[in-house]
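Subject: Structure handover

Hello,

Here is the structure we talked about. Please open it alongside this note, and then read on for what turned up.

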Amino acid sequence: RKEVEQDPGPFNVPEGATVAFNCTYSNSASQSFFWYRQDCRKEPKLLMSVYSSGNEDGRFTAQLNRASQYISLLIRDSKLSDSATYLCVVNESYNKLIFGAGTRLAVHP
Amino acid sequence: DTAVSQTPKYLVTQMGNDKSIKCEQNLGHDTMYWYKQDSKKFLKIMFSYNNKELIINETVPNRFSPKSPDKAHLNLHINSLELGDSAVYFCASSQDIAGVAEAFFGQGTRLTVV
């Protein structure tokens, strides 16, 4: 079983759509969780951290369920500029960041 | 002012050669990493150093040797390059604060072995 698994994608959605990405992780001792965004031929960049209480940043909402070892990212009112690969990232132990394979999102007009 | 910088950005070399990639961070972070992103875009951790000390070595062939002269630098030397080493190599750094460690990445080095 992979350490971090994500929806395979790609997700092709029209502008304005709401899209949800899911992620599961295998190590129950994992300490912190993130969503990163990677544009084509660029480096990954932090989108948002994920907290047990859930957190929101504008159109983006992240949720964590420790019991189910499940992380989600919801994007509302999708923009063309949201097109990218979204990476689920888990901090398994001290500074050991494990990345999922990523889910590609393509937003079209 | 680039936070994590790695050089070169592109590297094309023949099989069997030895090459190095350099990485520097000016964020004052204690931890630095090397990740490999293959053709399927999967980012896999290779090494992690904390204050110049090797913390993580993820079953990487011993042709790959990281070197950390100080906590702001982590270089990657690769001996006897093989076709399968072709990938994008990302350097990153982070600082663990209360169990949360956001990683900042360099722009990547696209290595092509021919």
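Start with B:S80, which is partly exposed because its relative accessibility is 38%. Here buried means under 20% relative accessible area, exposed means over 50%, and partly exposed lies in between (1.4 Å probe, protein chains only). Phi of B:S80 is near 45 degrees, a positive value in a residue other than glycine. B:S80 sits in the loop between β8 and β9 of chain B. Strands are DSSP runs (E, at least two residues), numbered from the N terminus.

Before you go further, some ground rules. This is a predicted model, in which local features need pLDDT of at least 70 and side-chain atom pairs count only at pLDDT 80 or more, while totals for chains, interfaces and linings use all residues. Residues are numbered from 1 along each chain as its sequence is written, chains are lettered from A and ligands numbered from 1 in the order in which they are written, and side-chain values use heavy atoms, with hydrogens and water left out.

**The β8–β9 loop of chain B**

B:L81 lies in the loop between β8 (73–78) and β9 (87–94). B:L81 counts as buried because its relative accessibility is 2%. What does B:L81 contact, leaving aside neighbours within four places in sequence? Its partners include B:M15, B:R63, B:L111 and B:V113. Contact means heavy atoms within 4.5 Å. B:L81 and B:V114 are 33 residues apart in sequence, and their C-alpha atoms are 9.4 Å apart.

B:E82 forms a salt bridge with B:R63, with the closest N and O atoms 3.4 Å apart. The pair links distant parts of the chain: B:E82 is in the loop between β8 and β9, and B:R63 is in the loop between β6 (53–57) and β7 (64–70), 19 residues apart. B:E82 is partly exposed at 41% relative accessible area. B:R63 is buried at 14%.

**Other salt bridges**

A salt bridge is a side-chain nitrogen of Lys or Arg within 4 Å of a carboxyl oxygen of Asp or Glu. One joins A:K79 to A:D77, at 2.9 Å between the closest N and O atoms. A:K79 is partly exposed at 33%, and A:D77 is partly exposed at 37%.

Another joins A:K96 and A:E92 (3.8 Å, N to O). A:K96 is buried at 14%. A:E92 is buried at 11%.

**A buried serine**

B:S48 is in strand β5 (residues 43–50) of chain B. Is B:S48 buried or exposed? B:S48 counts as buried, because its relative accessibility is 1%. Not counting residues up to four places away in sequence, B:S48 touches A:N95 and several chain B residues, among them B:Y33, B:L54 and B:I56. B:S48 and B:Y35 are 13 residues apart in sequence and 9.1 Å apart in space, C-alpha to C-alpha.

**Backbone points to check**

The peptide bond from B:T7 to B:P8 is cis, with omega near 0 degrees. B:P8 is in the loop between β1 (4–7) and β2 (10–13) of chain B. B:K41 is not a glycine, yet has a positive phi of about 70 degrees. B:K41 is in the loop between β4 (31–37) and β5 of chain B.

Best wishes

Terms used
Helix = DSSP H or I, 4+ residues; strand = E, 2+ residues; numbered from the N terminus.
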